[in-house]
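My entries follow in the order I made them.

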Amino acid sequence: MPKKNGEKARALARTAVEELLNLPELPLVPVRDTVIFPHLMSPLMVGRDRSIRAIEAAMAGDQRLVVFTQRDPEVADPSGNDLYTIGTEMTIGRMLRMPDGTTSVIGQGTTRVKLVDILDSEPYLRARVMPIYEPVDKSLPTEALMRAVLALFEKAIHLSPNLPDDAYVAAINANTPGWLADLVASSLNLELPKRQELLDTLDPTTRLQKISILLAKELDVLELQSKIHNQVQEEVDKTQREYYLREQMRVIQNELGEVDSQTREVNELRDKIEKAGMPKEVREKADHEIERLAQMPSAAPEVGIIRTYLDWLIALPWTKATTDNLDIIAADKLLNEQHYGLKKVKERILEHIAVRKLAAEKMRSPILCFVGPPGTGKTSMGRSIAQALGRTFVRISLGGIHDEAEIRGHRRTYIGALPGRIVQTMKRAATINPVFMLDEVDKIGMDFRGDPSAALLEVLDPEQNYAFSDHYLDAPYDLSKVMFITTANILDPVPPALRDRMEVIEFPGYIEEEKIAIAKQFLIPRQKTEHGLGESPKFSDDALKSLIREYTYEAGVRNLDREIANICRKVARTVAEDKRPPTNVTQESLFKYLGPTRFTFGIAEEKDEIGVATGVAVSEAGGDTMAIEVTLMRGKGALMLTGQLGDVMQESAQAALSYARTHARELGLKNNFDKLDIHIHMPEGAIPKDGPSAGITIATALISALSHRAVHKDVAMTGEITLRGRVLPIGGLREKILAAHRAGLKTMLIPKKNKKDLVDVPKKVQREMQFVFVERMDQVLPVALLHKRTARRVNGHLAALRPHRSPVATRIAKSKTL
């Protein structure tokens, strides 16, 4: 039995060897980016030498070869492991040598083959392959599947412009499922791995099912693509139809001697450009753009951009100007009627009118900068100046802008580009010589988009603004005839280069008498008119003083105007309710209208005290008095400063202490500073305070506490102190003197170098106050401090027995003004 089994196994092995030896051995051509299917004519482009020699060997024999696809297209000389195992046997029909050295082959796939072995690699690849024969399935499900695939393929051919109609004819004639699947697979635009997967699928029915799924996906894509194409085509057809109709209309109008709407529009633009009076350079640019517009079809997207640009050039004033009113007397009368005070501003405008009258062609337009607290009339003064000159008034606010393009505009390459605000405002002014106000120039920002204040340098420079360059216009525009007025609350944030180009005119805060006059002359009549009131109610002077002192805290009159409006509203309600309205508004009736007082104003100290001196300070709301208190405690020589003092004021306190310690013997002070703690305090600690002008006041209060000499309650002082006791000049003298006068103080110590600044102080105030001009600290103390013998101790504290004046103060009382 074992002997028979061994013989049978050897027989089977001999049969397998014979079958293997009978397998065809054919030239092999590896391909990179294509898959050859059986039954189909396919072209091949061959460039590798081994492949060309393989084709030549096939042509020399029975014209058969096998084609296998590479797994990695980047491999230059593939071996058996670099090829897929399933390929196609191909019969060469034609071979052509191309000029670039490659060979073009057209052949037909015959059957699938499986790669068994690579026999030779030189001079070409020769392989032993095993043919794979497909079974023919004629069952009913297979027939139904073939019909479904044909139906889907037909729809795909109708929708795809890349599939020829001959492909469907060939598909109808494919009488086996495998043939049909291969035909459809070769026609579809499939990726290389998907094609190879279909080639590897040996069962025809399974392959046909995969083709059905791929066809359904392809059909969905083609239907969506067709829908999009139809929508686009409809729009294109509509545009072409309009274009053809317009061209026909143009031809018909030309035959009738008429012009079309676009030509008529271009002719109108030419007429407007002719009348605009543009400079030569701008006119050439406008003519160039109008020629471009005339040659473009009306549907071109750039037509709107060019038309908008031309509209801006036409709308801008190039030569139109208003005639200046050179009547100085009439201008002076108008300015005085509309504004109270502000003498310097009015004089500057009248001087401009005078020079304009004498040398109009030679003078340059001034560039003014009004600097002052809010509510002092800067903007309204600009309107009055324009009215006095007979010019147009335009205004833009620069507060908060960060983009340089706000001034210069955007270039026309940007969608929605427009000129900057300077050119836009000039269009609104409609003249080349308006009064142009740039409000809040001190509140310009800066970020990554540029620095708007740098762009203003060209606008506000008479040497440059005759050819101002706006990015949108891309042509010079003359701003030299414009009267620019800028406004600011403070000058510190304004860059030095920009500040240098402007003539600064300060708008000081109004004093109490000026506010009362403004209220009587302007605010009260206007509020009565706006609220429908007649002559009543009348405001008393005491009521207005109380409004200014206790219900407002400002340098201007804006809040005063609001409080007057508040009172007028309440009176108007009384009238509307048919009740008896009040005829007068008195100081006592303010509580009924406005409630309790909101602010306190500085008043003189009630009595002479030790360690308390009266100083004066300046804020955005004007001037105010400020008490400086000094107290001494046993300690280790520490100096405490409270009241939210700034660095400069703290340094002034240290300088005052150093002066006192240095001159302790001359001042009669004990040299025990290392055993005392000194506390210097300035009341109203919630309000920040800074500056050097409180130096002599701190020194006076400190020496008063150390020497036990009381300070005169009716003396105010201001001045910076040095370590040597010199008194240096300070700023804001006008506001400080007015604050001291309002507080009821009669004597004020001021630096001698500030004597020139008294010219700004009202004459009435100068008559009612006495001024002592000092250069050194030893001139301050005799006036500010009482004699030591007038002080006594009361309940452990030093107090003044009687307001005894020093000899210097006695001399001051006898004089009118020092």
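Predicted model: local features only at pLDDT ≥ 70, side-chain atom pairs only at ≥ 80, totals over all residues.

Entry 1. I then listed the buried residues of helix 20, which are Leu 560, Asp 561, Glu 563, Ile 564, Ala 565, Asn 566, Ile 567, Cys 568 and Val 571. Residues three or four places apart in an α-helix point the same way, because a turn takes 3.6 residues. I looked up what the buried residues of helix 20 pack against: helix 18 (512-530), strand 14 (538-539), helix 19 (541-551), strand 15 (584-585) and helix 21 (590-594). After helix 20 comes Asp 578, and I read its phi as positive, near 60 degrees.

Entry 2. I ran the span check on helix 2 (residues 49-60) too. Its 12 residues should span 16 Å at 1.5 Å a residue, and its end C-alpha atoms are 16 Å apart, so helix 2 agrees with expectation. In helix 2 I found Arg 50, Ser 51, Ile 52, Ala 54, Ile 55 and Ala 58 buried. These buried residues pack against strand 1 (25-31), strand 2 (41-46), strand 3 (64-69), strand 4 (86-97) and strand 5 (103-120).

Entry 3. In what order do the 5 strands of the open sheet run? I read the order as 8-9-12-7-13, with parallel pairing. Strand 8 (393-397) and strand 13 (503-506) are the edge strands, each pairing on one side only. From one strand to the next, the twist averages 20 degrees. I looked at one pair in detail: strand 7 (residues 367-371) runs parallel to strand 13 and is joined to it by 4 bridges. Opposite Ile 505 in strand 13 stands Phe 370. Helix 15 (residues 421-429) lies across strand 8 and strand 9 (435-439), and I noted its angle to strand 8 as about 155 degrees.

Entry 4. Are Cys 369 and Cys 568 buried or exposed? Cys 369 has 0% relative accessibility, which means that it counts as buried. Cys 568 has a relative accessible area of 0%, so Cys 568 is buried. I also searched the whole structure for disulfides and found 0.

Conventions
Residues numbered from 1 in each chain as written. Heavy atoms only, no water. Disulfide = S-S within 2.5 Å. Buried < 20%, exposed > 50% of the residue type's maximum accessible area, 1.4 Å probe, protein only. Helix = DSSP H or I, 4+ residues; strand = E, 2+ residues; numbered from the N terminus. Expected span 1.5 Å × (residues − 1). Contact = heavy atoms within 4.5 Å. Pairing = 2+ DSSP bridges. Axes fitted to C-alpha atoms, helices over the stretch in contact; angles between N-to-C directions.
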